[in-house]
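Hi,

Here is the structure we talked about. Have a look at it first, and my notes on what turned up follow below.

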Amino acid sequence: MKNLKIWGIILSILGVVCLLYPIAASVWIEVVVGSCFIVSAFFVLAGFFSRKGGWNKFYAAVTAILYFIAGVLMLSNPFGGIFALTVIMGVVFVFEGAAAIAFWGANKGIRNSWLMLINGAASILLGAIALFCPSCGIWFIGTLAGVDFLFTGVALFGLEKDFE
């Protein structure tokens, strides 16, 4: 599967670029998320007419309006959007870390379960950084994306040999 090798190279290069330019990567991600909110608003609005009942239509209308407003706010103030995304990511990371540690606690007897403890501790640490230093978001989101793209790219590149 040569596609894995190609995608691995592309994602690895993208990861390195994000790590070299974390602020630009953060802004890029924020713009993509803001744009997705606006596109989602139109899709929800398109489904508005197929909904039955007043409450369902009301829910669709409110959801579409909120998505659109969120998208416009993110695109009109990218740095404010980055700070909002950082706080949201912080909450997600803390909960994910707590869940990983709970999984480790329930499965201590399983071989290599200690990796879940390490994963949980790292997730909580990253979440705490995001929550207690939202101004770090200016580089935080881009750096996280860079690390993720780089490791995913390397993994895909390495997996390509297993699928020959």
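**Cysteines first**

Cys-36 is partly exposed, with a relative accessible area of 43%. Keep in mind that this is a predicted model, and every value here is computed from it.

So which cysteine sulfur is closest to the one in Cys-36? That would be the sulfur of Cys-18, but at 16 Å it is too far away for a bond. Cys-18 has Cys-36 as its closest cysteine partner, again at 16 Å and too far for a bond. As for cover, Cys-18 counts as buried because its relative accessibility is 3%, with buried meaning under 20%.

How many disulfides does a search of the whole structure find? The search turns up one. The disulfide joins Cys-133 to Cys-136, with 2.2 Å from S to S. The link of Cys-133 and Cys-136 is right-handed, with 75° about the S-S bond. Cys-133 comes out as partly exposed at 25% relative accessibility, whereas Cys-136 is buried at 14%.

**The greasy bit on the outside**

There is a nonpolar patch on the surface, formed by Ile-9, Ile-13, Val-16, Val-17, Leu-20, Tyr-21 and Phe-157. Together these residues have about 660 Å² of accessible area. Helix H1, residues 2-20, gives the largest share of the patch, with five residues. Tyr-21, another member of the patch, sits in the loop between H1 and helix H2. Is Tyr-21 buried or exposed? Tyr-21 counts as exposed, because its relative accessibility is 54% and the cut-off for exposed is over 50%.

**Helix H2 and its neighbours**

H2 covers residues 22-46. This helix has 25 residues and reaches 36 Å from its first C-alpha to its last, close to the 36 Å expected at 1.5 Å a residue. The buried residues in H2 are Pro-22, Ala-25, Ser-26, Ile-29, Glu-30, Gly-34, Ile-38, Ala-41 and Val-44.

Ser-26 is worth a click. This serine is found in H2 and is buried, with a relative accessible area of 1%. What does Ser-26 touch, leaving out residues up to four places away in sequence? Its contacts are Ile-82, plus Gly-137, Ile-138, Trp-139, Phe-140, Ile-141 and Gly-142.

Not counting residues up to four places away in sequence, Leu-75 touches Glu-30, Val-31, Gly-34, Ser-35 and Ile-38. Among these, Glu-30, Gly-34 and Ile-38 are on the buried list for H2. Leu-75 itself is partly exposed, with a relative accessible area of 35%. If you want a distance to check on screen, Leu-75 and Gly-15 are 23 Å apart, C-alpha to C-alpha, and 60 residues apart in sequence.

**Helix H4**

H4 runs over residues 78-106, and its 29 residues should span 42 Å at 1.5 Å a residue. Its end C-alpha atoms are 41 Å apart, which agrees with that. The buried residues in H4 are Gly-81, Ile-82, Leu-85, Thr-86, Gly-90, Phe-93, Gly-97 and Ala-100.

Cheers

Definitions and conventions: Residues are numbered from 1 along each chain as its sequence is written. This is a predicted model: local features need pLDDT of at least 70, side-chain atom pairs count only at pLDDT 80 or more; totals for chains, interfaces and linings use all residues. Side-chain values use heavy atoms; hydrogens and water are left out. Patches are made of residues with over 30% relative accessible area and no salt bridge: like charges are joined within 9 Å, nonpolar side chains (Val, Leu, Ile, Met, Phe, Trp, Tyr) within 5 Å. Accessible areas come from the Shrake-Rupley method with a 1.4 Å probe; for residues, only the protein chains shown count as cover. A salt bridge is a side-chain nitrogen of Lys or Arg within 4 Å of a carboxyl oxygen of Asp or Glu. Helices (H or I, at least four residues) and strands (E, at least two) are DSSP runs, numbered from the N terminus. Buried means under 20% relative accessible area, exposed over 50%, partly exposed in between (1.4 Å probe, protein chains only). A disulfide is a pair of cysteine sulfur atoms within 2.5 Å. Contact means heavy atoms within 4.5 Å. The expected span of a helix is 1.5 Å times one less than its number of residues.
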